[in-house]
Amino acid sequence: MLFRRRQPISRLTKLRELFWPRRGFIRSFQYLSKRILRLSATPHAIAAGVVAGVVSSWTPFIGLHFLLAFAIAYLIAGNMVAAAIGTAFGNPLTFPLIWASTWEVGHRLIGKGVPVTDSVDLEKKFSLSAFESMWHPILKPMLVGAIPLAVVSGAIIYCTIYFTVAKFQARRRERLAERARARLAEALQGSSV
């Protein structure tokens, strides 16, 4: 096989690397950030696309985040690739925090219905597989709680990414212009000799 390891890794190592990669999560974060910076679109389109992905990750509709991100990006003139990258905000490490915070904020905003101190039997709610049985105790508070959290995080992320991408693109244009001037000067100097 062309890309096989010389020393095969054990099953325990494979399992460990499934939850915590050998090089950590910094490499993945660096890749995604460079991928976002190098997109060929306006700073608004890139920032709006990433925000669409982040906002869709706050919603409790697992499995629909990409579709929601694309719909939101389309409505706010965002980049679709940036929207897909933005959905990486919701991942197995952040979903428990997202769900807990949206549920808690939603219960505090609604103020009525099921009190926060009551427990909800999730196994029973999911086994019934009826949307109505999950709406009031689970999905409604999570959806209501997702709105303010998505607005705040979206505003912060939009500003950060917009100015970062604008600065990166300006420096990139400057470097390309400098290279073009250097090539032109070199060509003129070579023709005069």
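User: Why is Thr-87 called buried in this structure?
Analyst: In this predicted model, Thr-87 has a relative accessible area of 9%. Buried means under 20%, so Thr-87 is buried.

User: Where does Thr-87 lie, and which residues is Thr-87 in contact with beyond its neighbours within four places in sequence?
Analyst: Thr-87 is placed in the loop between helix H5 (80-86) and helix H6 (95-110). Leaving aside those neighbours, its contacts are Gly-53, Ser-56, Ser-57, His-65, Phe-66 and Ala-69.

User: Which residues of helix H4 are buried, and what makes them line one face of the helix?
Analyst: Helix H4 spans residues 65-75, and His-65, Ala-69 and Ala-73 are buried there. Seen down the axis of H4, the buried residues fall within an arc of 65°, and therefore they line one face of the helix. These buried residues pack against helix H3 (43-58), H5 and H6.

User: Why does Leu-75 count as exposed?
Analyst: The relative accessibility of Leu-75 is 70%. Exposed means over 50%, so Leu-75 counts as exposed. Leu-75 lies in helix H4, and the face of H4 turned away from its buried side carries Leu-75 together with the exposed residues Leu-67 and Tyr-74.

Key: Residues are numbered from 1 along each chain as its sequence is written. This is a predicted model: local features need pLDDT of at least 70, side-chain atom pairs count only at pLDDT 80 or more; totals for chains, interfaces and linings use all residues. Side-chain values use heavy atoms; hydrogens and water are left out. Helices (H or I, at least four residues) and strands (E, at least two) are DSSP runs, numbered from the N terminus. Buried means under 20% relative accessible area, exposed over 50%, partly exposed in between (1.4 Å probe, protein chains only). Contact means heavy atoms within 4.5 Å. The arc is that of the directions from the helix axis to the C-beta atoms.
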